[in-house]
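Let's take a walk through this model, starting with a pair of helices and ending with some rings.

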Amino acid sequence: MLAKLRIKNTALAAAIGIFAILFIAGSVMYPNFLSLRVILNLLINNAYMIVLAGGVCFTILTGGIDLSIGAVVAMTSMIAASLLRGGMNAYLVIIICLLTGIVFGTVQGFLIQYFGLHPWIVTLAGMFFARGACYLISVEAIPIKNQTFYDISQFKLYLGPGRFISLNVIIALVFLVLCLYLAKFTKFGRTTYAIGGNRQSALLMGLPVARTKVLVYAFSGFSATLSGLMFTLYTLSGYGLNANGAEMDAIAACVIGGVSLYGGIGSLFGPFIGVLVAGVIRTMVDFQGTLSSWWTKIFVGTLMLFCIVLQAVIVEREKARKMEGQQKKRKKKVAAPTELAEAKS
């Protein structure tokens, strides 16, 4: 347990260090980079991704994965846009979308837990299903002209002249606090870590493994639809290609934030840092002006590979430290009878 805590803290500290280095580098390279406006825009532009990464992090902590989340974002935008175009109440549409995501995630979790299917296969099928459902609704983008939904999207919390945070940022920060609370102070969070650390041990301890596994995917589905609603508030439209590849961006954010893909290790604060790291890279590319936006993917991929290697090195060091400690204990046990015999003589 202590070794896992050291690994988690070291990986998270490395992620925070990477973010600080990138932000300082951007501030040195570009005069207007270090400003409150840039920081606020960083949060506004990445709010939906913070929620998406936070939700998928729970599935990764169990040793699983959810590849359907990007498609669920798109499906949510299409469901919301089509229902609003039909004249349905905006608040009722939001509730329907959230319930749809919870049901979608629960079904995936049920198939994974009770049918013994691999998470990659089930959630890949879910991704295809959700993308296909988008095009059953419409092959074209659906603009949203509902006044209530528009008013919700325009809500802002002003911090000063020309400085504000949007509703999406408020939702993202509240969701981050909720994730941290669930992971640290609830049985659900402790069981999630236990499943990822050693599923068999979790079963022997009497933890509700089956129920928690299903709930993890239900929560991932909820977070994906919440993220989809935030994305829809941001774009005010629904489209089947929305959030294309977002699932990989969310998983990359978790890995950069120090969450182990093997499960059981990582902080829920990590995905937030990982999203900000990717956002800073994207902002630096925008400030530079001459680089292609694909450079963001290249830099994020390189960082992800670096973080995976770093995690592997940390794990191996902890294993070596543990073995060294066990050897010292054995030597003490062997030496103790000898010293006792010498004392008697």
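## Two helices side by side

In H2, Ile44, Asn45, Ala47, Tyr48, Val51, Leu52, Gly55, Val56, Phe58 and Thr59 meet a set of H10 residues that includes Val216, Phe219, Leu226, Met230 and Tyr234. Contact here means heavy atoms within 4.5 Å. The residues of this contact split into 15 nonpolar, six polar and no charged.

H2 covers residues 36–61 and H10 covers residues 209–235; their axes sit 8 Å apart at an angle of about 170 degrees. That makes H2 roughly antiparallel to H10 (angles over 145 degrees get that label).

## A note on the model

This is a predicted model, where local features need pLDDT of at least 70 and side-chain atom pairs need 80 or more, while totals for chains, interfaces and linings use all residues. Residues are numbered from 1 along each chain, and side-chain values use heavy atoms, leaving out hydrogens and water.

## The core

Beyond its sequence neighbours within four places, Leu268 touches residues including Gly54, Phe58, Leu61, Leu176 and Tyr193.

## Rings

There are 17 aromatic pairs in the whole structure (ring centres within 6.5 Å; planes under 30 degrees apart are stacked, over 60 edge-to-face, the rest tilted). Tyr30 and Phe33 make a tilted one, 6.4 Å centre to centre with 35 degrees between the planes. Both are buried, meaning under 20% relative accessible area.

Key. Axes are lines fitted to C-alpha atoms, for helices over the stretch in contact, and angles run from 0 to 180 degrees between N-to-C directions. Helices (H or I, at least four residues) and strands (E, at least two) are DSSP runs, numbered from the N terminus. Angles under 35 degrees count as roughly parallel, over 145 as roughly antiparallel, 65 to 115 as roughly perpendicular and the rest as oblique. Ala, Val, Leu, Ile, Met, Phe, Trp, Tyr, Cys and Pro count as nonpolar, Asp, Glu, Lys and Arg as charged, and the others, Gly among them, as polar. Rings of Phe, Tyr and Trp (its six-membered ring) pair if their centres lie within 6.5 Å; planes under 30 degrees apart count as stacked, over 60 as edge-to-face and the rest as tilted. Buried means under 20% relative accessible area, exposed over 50%, partly exposed in between (1.4 Å probe, protein chains only).
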